[in-house]
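Look at the chain below before reading on.

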Amino acid sequence: VAQQISMENSSSVKEFILLGFSESQEVQKIYFAVFLLFYTLTVTGNLLIILTVTSSRHLNSPMYFFLCHLSFVDICYSSVTAPKTISGFLVENNTISFAGCIGQLFGFHFFGCTEIFILTAMAYDRYVAICRPLRYPALMSRRLCGRMVGGCWVGAFLHSTLQTLPTALLPFCGPNKIGHYFCDVHPLLHLACADTRVVSLATVANGGVVSLSCFLILVVSYMVILVSLRGQKPAGWHKALSTCGSHITVVILFFGPCTFVSIRPSGDLSEDRSVAVFYTLIAPMLNPFIYTLRNREVKGAMRKLCSRKVGSG
């Protein structure tokens, strides 16, 4: 009987209310303008990177192949949460269906994990380019790069499934107000009508293993690069580090906040919410600027693309 009642209660929550950042309508309007600006810049900047790389015959190295996929993931990653958040600033109650909430949860972890794996693949590419320059064309073939990207998508799908499925199977019988601006594991665990300690531990372990293992791979790869540069002239140091500077900057901006939220248990949701803004919207928005400003080849190809568009117009 108790099990039957629990099953009936679990289906009582048909939708959730996303509380967002503030109940003040004036503050909501400010958030609306800021988020809309950030999301527009994110989509425009990353789309411009994709068009530049795909249209240029000179940007055909593995580094730009990964960069193109990274920009595509950034667009998808921001689009999972930003449009719903932006539209929610204009209504009194920002509601999302149960199915929509679980779908948002899956997409958030799927694209976020894909970005982590692609950044790790890009670190390996930089390691081979600097430490094995003569064998670089053979080691980083187009076929291998395609397999690495495919592995990133498959691995992210498995990670997202392990994060989403245990949460989706929990009973939710009320309340239905999520103290966040999108559906994530920690806020949903606070609303579940069951003991969530096992699920919380499993999701933290899963997210922690992915984030920390990839971060350690990144750290080790750059330590090996630095060791390999010993004894070289300053010009060699500058050339090698200039190719890694953009990637290191992106890694720090994305991995820092992401790892902080992934490895900590459910706690202060307002703190999680503030940190989440950084890696769901700000970091994807900054990535195109970082790679463009520090890369002459991308800037040159982008100017040619813009001049062709203006000339054809």
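Leu37 lies in helix 2, which spans residues 25–55; helices (H or I, at least four residues) and strands (E, at least two) are DSSP runs, numbered from the N terminus. The model is predicted: local features need pLDDT of at least 70, side-chain atom pairs count only at pLDDT 80 or more, and totals for chains, interfaces and linings use all residues. Residues are numbered from 1 along each chain as its sequence is written, and side-chain values use heavy atoms, leaving out hydrogens and water.

With a relative accessible area of 47%, Leu37 is partly exposed. Buried means under 20% relative accessible area, exposed over 50%, and partly exposed in between (1.4 Å probe, protein chains only).

Of the 313 residues in the protein, 49% are buried. Pro62, in helix 3, is buried because its relative accessibility is 12%. The C-alpha atoms of Pro62 and Leu144 are 9.6 Å apart, although 82 residues separate them along the chain.

How many salt bridges does a search of the whole structure find? There are two, where a salt bridge is a side-chain nitrogen of Lys or Arg within 4 Å of a carboxyl oxygen of Asp or Glu.

| Salt bridge | Closest N to O |
|---|---|
| Arg126 and Asp125 | 2.8 Å |

Arg126 is buried at 8% relative accessibility, and Asp125 is buried at 1%. Arg197, at 64%, counts as exposed.

The protein has eleven helices and three strands. UniProt, in an unreviewed entry, lists residues 63–82 and 102–124 among those under "transmembrane region"; its positions follow the numbering used here, feature names are shortened, and annotations may be inferred rather than shown by experiment. Residues 63–82 are 100% helix and 0% strand, with end C-alpha atoms 28 Å apart. Residues 102–124 are also 100% helix and 0% strand, and their end C-alpha atoms are 33 Å apart.
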